[in-house]
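This briefing is for a reader who is new to the structure. Please look at the sequence and the model, then read the points grouped by topic.

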Amino acid sequence: MKQLFSKLMAFAALAVVFSAMTGCGGVQSSNTNANNTATNASAQKQPGSSDYPPLASGLADAEVEMLDGTKIKISDKKGKVLLINIWGTWCGPCIAEMPHLIALQNEHGEQGFEAIGLNIGDGGGSPEPLNDIKEFVAKQKLNYTIAIASNAVTNQFYLITKQQVVPQTILVDRAGKLRGVFVGGGPRIFSSMKQNVEKVMAE
C-alpha cells in the first residue's frame, strides 16, 4: 500500500502542462478542453530519479500498427527517449505542432531520441483511411515514426491525462519512465515540450 501511495504521489508531481488553446475532440470525446493551469513539478526532481512512475503497461505493451502493416510495442523502444503524440489529420492544433516534432527529431534523433506519432482515427472512433494518412505524412514531410493507434491505445492516453482531446503528447525516458504530459497545442506547450525533452536527453 505504501509503495502504491508513493507511485501515486510521484505521478502527481509530473510535469503536466495544459495549453491555453483548446484541443480537438478525440475518440469518445466529452468535449473536455485543455484550459487548465500549467505546472512544472518535474523540475524539482533529480535527473534519473526512480520516483518517476513507469509508463503504464497498458500503453507500453500495446501493439500499434506501422504504415507498412508491421506492428511494434512502445516497450520495444526502451533505451530511447520517446515523445509519443496522438493526432488526427483533421486536427488543426495537431498540424500546427508537427514542425516542432520534426525539429526535435532533427535535433536529437542521432542521440537516441524518437518522436512517435499515433494516428487516432477520424475522431469518432473509426480509423482514417491508410492512403489518406500516407498522403498526409508525405505532404507534411514528417521525419518521425508514424503508426496507427487503436481506440484501446487512445483510451490509455486518456487514462493518463484525464483529457479526451488531441493533440496529446507524453515524454518517456530511456528507462521507460513517464516524465512529462502535454495536452493541447500552442506556444506554451511547444516551449515546455522542448525544454523537457532537452532536460531528459541531457541525463
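Is Lys-141 buried or exposed? Lys-141 is exposed, with a relative accessible area of 67%. The structure is a predicted model. The points below cover backbone geometry, salt bridges and strand pairing.

**Backbone geometry**

- Lys-141 lies in the loop between α4 (130-140) and β7 (145-148).
- The phi of Lys-141 is near 55°, which is a positive value in a residue other than glycine.
- A positive phi, of about 60°, is also found at Lys-162, again not a glycine.
- Lys-162 sits in the loop between α5 (151-161) and β8, and Lys-162 is exposed at a relative accessible area of 62%.
- Between Val-166 and Pro-167 the peptide bond is cis, with omega near 0°.
- Pro-167 belongs to the loop between β8 (165-166) and β9 (168-172).

**Salt bridges**

- The model has 6 salt bridges.
- One of them joins Glu-114 to Lys-77, with the closest N and O atoms 3.2 Å apart.
- This pair links distant parts of the chain, the two residues being 37 residues apart. Glu-114 is in strand β6 (residues 113-119), while Lys-77 is in the loop between β4 (71-73) and β5 (81-87).
- Glu-114 has a relative accessible area of 7%, so Glu-114 counts as buried, the cut-off being under 20%.
- Another salt bridge is formed by Asp-173 and Arg-179, whose closest N and O atoms are 2.9 Å apart.
- Asp-173 is buried, at 8% relative accessibility, and Arg-179 is buried too, with a relative accessible area of 2%.
- Glu-198 and Lys-194 also meet through their side chains in a salt bridge, at 2.5 Å from N to O.
- Glu-198 and Lys-194 are separated by about one helical turn, because they are 4 residues apart in helix α6 (residues 187-201).
- Glu-198 is partly exposed at a relative accessible area of 30%, and Lys-194 is partly exposed at 38%.

**Strand pairing**

- Which strands does β3 pair with? Strand β3 (residues 63-66) pairs with β4 in the antiparallel sense, over 3 bridges. Strand β3 is also joined to β7 by 2 bridges, and these two strands run antiparallel.
- Glu-63 has Lys-73 as its bridge partner in β4.
- The hairpin of β3 and β4 has 4 residues between the strands. In this hairpin Gly-69 takes a positive phi near 95°.
- On the β7 side, the bridge partner of Met-66 is Ala-147.
- In a regular strand, side chains alternate between the two faces of the sheet.

How values were computed. Residues numbered from 1 in each chain as written. Predicted model: local features only at pLDDT ≥ 70, side-chain atom pairs only at ≥ 80, totals over all residues. Heavy atoms only, no water. Salt bridge = Lys/Arg side-chain N within 4 Å of Asp/Glu carboxyl O. Buried < 20%, exposed > 50% of the residue type's maximum accessible area, 1.4 Å probe, protein only. Pairing = 2+ DSSP bridges.
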